Amino acid sequence: MSTSAFVRRAYRVPAARGMQITYSGDGLPARTATITGFRGGGLLVRHEGARRPVYAHPTYAITYPPVPNPVGRGWCDGCPAEVGLHADGTVRVHRAFGEECVGVGKRPYALVTWRHNDPVPAAAMAE
Ligand SMILES: [Zn+2]
């Protein structure tokens, strides 16, 4: 799992390299920043006009742009990956740790969702 996938899974945010966000956490007026990378479970963001990126917590004072909910994506229950789902909601074939993942064919741990921080339990998925 890449650091960016870790951040998206752990914090349920749509963070991606190159994404423009709005930051309002330092007492200054909210302003635009760009996600330039991921480090230590957080974001590196470069504020408009700044030379260097700085660390930012993925859920503190950041407004992400509207991103459509991905359809047919879930967090695998057998490995840390974001994976595709079959029409019946089960996890598609993929490999983890050198062999077919034990999560294949099962329900995902949670659907991949953006724009909120609450996981959608797999049990709540439409049957
Ligand atoms: Zn898996």
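**Note on the sheets, hairpins and cores of a predicted model**

1. Six bridges link strand 2 (residues 31-39) with strand 3 (residues 42-47), and the two run antiparallel; helices (H or I, at least four residues) and strands (E, at least two) are DSSP runs, numbered from the N terminus. Within this pairing Arg39 stands opposite Gly42 of strand 3, and in the hairpin that the two strands make, with two residues between them, Gly40 adopts a positive phi near 55°.

2. Residues are numbered from 1 along each chain as its sequence is written.

3. Strand 3 also pairs with strand 4 (residues 54-56), again in the antiparallel sense, over three bridges, and Val45 has Val54 of strand 4 as its bridge partner. The hairpin of strand 3 and strand 4 has six residues between the strands, and there Gly49 takes a positive phi near 85°.

4. These pairings belong to an open sheet of five strands in the order 4-3-2-1-5, with antiparallel pairing, where two strands are said to pair if DSSP finds at least two bridges between them. Strand 4 and strand 5 (62-63) are the edge strands, each pairing on one side only.

5. The largest nonpolar core has twelve residues in all, namely Val7, Val13, Ala15, Ile21, Tyr23, Ala33, Ile35, Phe38, Leu43, Val45, Ala56 and Ile62. Such a core is a set of buried Ala, Val, Leu, Ile, Met, Phe, Trp, Tyr and Cys residues joined through C-beta atoms within 7 Å. Strand 1, strand 2 and strand 3 each supply at least two residues of this core, and strand 2 gives the most, with three residues.

6. Leaving aside neighbours within four places in sequence, Leu43 is in contact (C-beta atoms, placed from the backbone, within 7 Å) with Val7, Ala15, Ile35, Phe38, Ala56 and Pro58.

7. Strand 6 (residues 73-75) is joined to strand 10 by two bridges, in the antiparallel sense, and Trp75 has Ala110 of strand 10 as its bridge partner.

8. Two residues other than glycine deserve a look for their backbone angles, given that most residues other than glycine have a negative phi. Arg12, in the loop between helix 1 (3-11) and strand 1 (20-23), has a positive phi near 55°; Phe97, in the loop between strand 8 (95-96) and strand 9 (99-100), likewise has a positive phi near 55°.

9. By the definition used, a residue is buried if 20 or more other C-beta atoms lie within 10 Å of its own, exposed if 12 or fewer, and partly exposed in between, with C-beta atoms placed from the backbone.

Note on methods
This is a predicted model: local features need pLDDT of at least 70, side-chain atom pairs count only at pLDDT 80 or more; totals for chains, interfaces and linings use all residues. Two residues are in contact if their C-beta atoms, placed from the backbone, lie within 7 Å.
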